[in-house]
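Subject: Structure handover

Hello,

Here is the structure I promised you. Please open it first, then read my notes below.

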Amino acid sequence: QVQLVESGGGLVQPGGSLRLSCAVSGRFVSINSMAWYRQAPGKQRELVASITSGGTTNVADSVKGRFTISRDNAKNTVYLQMNSLKPEDTAVYYCNGEVKRRLGLNYVNYWGQGTQVTVSS
């Protein structure tokens, strides 16, 4: 069974920073693209940032210049460095990964359980 486990959320003041981590565990042979999504109360889930297996990144305009996505392929982990946080960044942040469990199978999307980020004074 493949699991994505997030960590690093919490309460931070406006202008502060947090670093989210998401580790992929279980039995698998390959991880393709990984991404971070977020969902605020009453809103749809939105893509925050993504990164390919080769390291190409894509960041939403709303967080560009403030958030950075990276990955450590040796640790099967993706990170989201969040700086200059604003109250509107408050949301549950979800990790997503395309994982191939065995050779010959297609990549399948897996989700983490989510981690709460609250930006408030």
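Start with D89. Its relative accessible area is 1%, so D89 is buried. Keep in mind that this is a predicted model.

**Salt bridges**

What does D89 meet in a salt bridge? The partner is the side chain of R66, at 2.7 Å from N to O.

R38, E46, R66 and D89 form one network, joined by salt bridges that share partners. Within it, the side chains of R38 and E46 meet at 2.7 Å, N to O. R38 is buried, with a relative accessible area of 7%. E46 is partly exposed, at 35%.

How many salt bridges are there by this rule? The count is 4. One of them joins D61 and K64, with the closest N and O atoms 3.1 Å apart. D61 is exposed, with a relative accessible area of 66%. K64 is exposed too, at 51%.

**The nonpolar core**

The largest nonpolar core has 28 residues. W36, L80, M82 and Y93 have the most contacts inside it. Which elements give two or more residues to this core? They are β3 (18-25), β4 (30-39), β5 (46-51), β7, β8, β9 and β11.

Take a look at M82. Leaving out residues up to four places away in sequence, M82 touches G16, S17, L18, L20, R66, F67, Y93 and V117. So that list holds R66, the salt-bridge partner of D89, as well as Y93, another of the core residues with the most contacts.

**β7 and β8**

M82 is also the bridge partner, in β8, of F67. β7 and β8 pair in the antiparallel sense over 6 bridges. Their hairpin has 4 residues between the strands. There, N76 takes a positive phi near 55 degrees.

Side chains alternate along β7. F67, I69 and R71 point to one face and are buried.

**T115**

T115 belongs to strand β11 (residues 115-119). Is T115 buried or exposed? T115 is buried, with a relative accessible area of 11%. The side chain of T115 reaches the backbone nitrogen of G9 at 3.4 Å. Leaving aside neighbours within four places in sequence, T115 is in contact with E6, G9, L20, A91, V92 and Y93. L20 and Y93 are on the M82 list as well.

**The whole chain**

The protein has 11 strands and 0 helices. Its radius of gyration is 14 Å, close to the 14 Å that the globule rule gives for 121 residues, so the protein is as compact as a globular protein of that length. The C-alpha trace spans about 50 × 25 × 25 Å along its principal axes. Buried residues make up 38% of the 121 residues. Among contacts with a separation of 6 or more, 55% come from residues 24 or more positions apart.

Best wishes

How values were computed
Residues numbered from 1 in each chain as written. Predicted model: local features only at pLDDT ≥ 70, side-chain atom pairs only at ≥ 80, totals over all residues. Heavy atoms only, no water. Buried < 20%, exposed > 50% of the residue type's maximum accessible area, 1.4 Å probe, protein only. Polar contact = N/O pair within 3.5 Å; in protein donor to acceptor, adjacent residues only side chain to side chain. Contact = heavy atoms within 4.5 Å. Core = buried A, V, L, I, M, F, W, Y, C linked by side-chain atoms within 4.5 Å. Pairing = 2+ DSSP bridges. Rg over C-alpha atoms; globule rule 2.2 N^0.38 Å.
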